[in-house]
Amino acid sequence: MVVIKKRDNVIPVDFGEFKLEFVANDQNIHKMEKVGKKLKKDGEKLAKTEDIKAFETLQDLVKDSWTELFDKEAFDKVYSFSNESTVDTMAYLLEVITGVISEWEKRNNTDALKKYLGD
């Protein structure tokens, strides 16, 4: 008999004071890559601008990104954790994206799979 154990695709993100859980399914991984690229490109451009309107746009971008990848409660927790700093909240999001993608790639190492299959 072959027994198959269900794989867990939830990647925990530990902030010390609280944890978030990212469900690493196909749709969410693609969404995370897209959000990460957009946030990095638009966020860096807006962060260098002194205009108050640009800063408000950055705040909206960061909030929308957290909400899209997790939920509004996650944004609220991280924003509070960052002492209500939009720039720090954006930095945390970029760290989360980098970390989750790295963990996902480690868990789904295709080189290891090829080794076991004899390729």
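## Two strands side by side

Two strands pair if DSSP finds at least two bridges between them, and strands themselves are DSSP runs of E with at least two residues, numbered from the N terminus (helices are runs of H or I with at least four). In this predicted model, S1 (residues 10–14) and S2 pair in the antiparallel sense over five bridges. One of the bridge partners in S2 is Val23, which pairs with Val10. Four residues lie between the strands of this hairpin, and Gly16 in the turn has a positive phi of about 85 degrees.

Rings of Phe, Tyr and Trp (its six-membered ring) pair if their centres lie within 6.5 Å; planes under 30 degrees apart count as stacked, over 60 as edge-to-face and the rest as tilted. The whole structure holds nine aromatic pairs. Among them, Phe18 and Phe81 are edge-to-face, 5.8 Å centre to centre with 90 degrees between the planes. This pair links the loop between S1 and S2 with helix H3, 63 residues apart.

Phe18 counts as buried because its relative accessibility is 14%.

## How to read the model

Residues are numbered from 1 along each chain as its sequence is written. Local features need pLDDT of at least 70, side-chain atom pairs count only at pLDDT 80 or more, totals for chains, interfaces and linings use all residues, and side-chain values use heavy atoms, leaving out hydrogens and water.

How values were computed. Buried < 20%, exposed > 50% of the residue type's maximum accessible area, 1.4 Å probe, protein only.
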